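Look over the chain, then follow along.

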Amino acid sequence: MNTAIANSHIPDAGRIALTPGEVVLDEFVEARGPWSAVVAAGDVLTIVDLEGNQAVDCLLYAAEDTSVRYSAAVTIAQQQSIVLTTGSVLRADTGVALMTVVADEVGVHDTIGGACSQESNTLRYGQHTREQHACVENFLIEGSHWGLGKRDLVSNINWFMNVPVDPDGALGIVDGLSAPGKRVALMAQVDTLVLVSNCPQINNPCNGFNPTPVRMIVTRPEAAL
């Protein structure tokens, strides 16, 4: 569920956004919830980790042709790094640049940890977790509004999530490096459909075992004063 911001006590979106400009969208994503929007080419999406240590799972698609979608493999190969930060170009499987990280207050965002699902929860944490809501379900719910289904899901980005790789190649899911109010900003290179699952995981430290809301602000830099 997307929640429009209407509370006068909430900090002004124009001051919170990492890239100044006309605010064209300002919404909360509730804890555990899905979210989506098309970010027009040239606009900048600022994702705000409101309470800190909240993983934000994300998929990207070219809005005009959703068969062109984010590729972790192509992105990693092009930048020669498995983590995302300022300057990282988020590329589609065709090599097309979808979005670029233009500002980042955290420095490490994950490309390889994947999205939690009911099946992976059961495998990792036990049968008692089978009915727990997970990111794959969020992606399917939100993606259905855009004509996307399970076959359209690919390896995702995990904003604010820390997944170190041990010397033996094993992956860890540990406490994030973010903090309350930390932000990352993405500029759309083409009109980009952004699909988000504000991760509901409570079985590992990626959310500090306590999922919390995030804020999504889109600004149009050419309108900056």
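Q: Which residues lie on each face of E5, and are they buried or exposed?
A: This is a predicted model. In a regular strand, side chains alternate between the two faces of the sheet. On one side of E5 sit Val56, Cys58, Leu60 and Ala62; on the other sit Asp57, Leu59 and Tyr61. Both faces are covered, and these residues are all buried.

Q: Why is E5 largely enclosed by the rest of the structure?
A: Buried here means under 20% relative accessible area. E5 is largely enclosed because the buried residues in it number seven of the seven.

Q: Which strand joins E5 through seven bridges?
A: E5 runs antiparallel to E11, with three bridges. Asp57 pairs there with Asn158. In another pairing, Val56 stands opposite Asn198. That antiparallel partner, with seven bridges, is E13.

Q: How many residues lie between E5 and E6 in their hairpin?
A: E6 covers residues 65-69 and pairs with E5 in the antiparallel sense, over two bridges. Tyr61 has Arg69 as its bridge partner in E6. The hairpin leaves between its strands two residues.

Note on methods. Residues numbered from 1 in each chain as written. Predicted model: local features only at pLDDT ≥ 70, side-chain atom pairs only at ≥ 80, totals over all residues. Heavy atoms only, no water. Buried < 20%, exposed > 50% of the residue type's maximum accessible area, 1.4 Å probe, protein only. Helix = DSSP H or I, 4+ residues; strand = E, 2+ residues; numbered from the N terminus. Pairing = 2+ DSSP bridges.
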